[in-house]
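Student: I am new to this structure and would like a close look at a single part. Could you walk me through the open sheet and the charged pairs that go with this fold?

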Amino acid sequence: HTPIGERIKAENDPFYAKAPQSAEEDEVNHEYFRTQLRELKLPEGKAPLQDRSLRIRKVTLGEGATTGTQDYANRPTYIMNLQGTAEVKDEKAGVSKTLQAKEAANLTRAGQVEIRNAGSGEATYFVIELWDPNDKEIL
């Protein structure tokens, strides 16, 4: 263990503090997804890639809560679950994925999506998305 590792464990969220460490390295990289920006299919008539911003939101859902169905067709997104259990239902693909802590879902080609807390206690996750500044109806 390195001194920085001990400090992180003492001061930060368990999500970061439990990342594996090795004697040779101070950092271990866990890549979940990689998407080539040129491969993103943005809807016709919507903001082009260069006009968008990368937006990261932290969302907490209470026990049994749901986002309701939301349209992700114009905002390529990743969901990274931090704690609890979150179910991500992609209606376009007809699939549902249950995420435990430190698991992620790729919504870069999704349409209508519902996210719900599928466990007991709160579920907290990051939403990492390419935001269209003209999309005023999306939170």
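Tutor: Happy to! The open sheet has 4 strands in the order β2-β7-β4-β5, paired in the antiparallel sense. Strands are DSSP runs of E with at least two residues, numbered from the N terminus, and two of them pair if DSSP finds at least two bridges between them. β2 (66-71) and β5 (95-99) stand at the edges with a single partner strand each, so one side of each has no neighbour in the sheet. For β2, the pairing with β7 (residues 112-117) is antiparallel and runs over 4 bridges; Gln 70, for instance, has Val 113 in β7 as its bridge partner.

This is a predicted model, where local features need pLDDT of at least 70 and side-chain atom pairs count only at pLDDT 80 or more, while totals for chains, interfaces and linings use all residues. Residues are numbered from 1 along each chain as its sequence is written, and side-chain values use heavy atoms, leaving out hydrogens and water.

Glu 87 forms a salt bridge (a side-chain nitrogen of Lys or Arg within 4 Å of a carboxyl oxygen of Asp or Glu) with Arg 116, their closest N and O atoms being 2.4 Å apart. This pair links distant parts of the chain, with Glu 87 in β4 (residues 86-90) and Arg 116 in β7, 29 residues apart. Arg 116 is partly exposed, with a relative accessible area of 35%; buried means under 20%, exposed over 50% and partly exposed in between, using a 1.4 Å probe and protein chains only.
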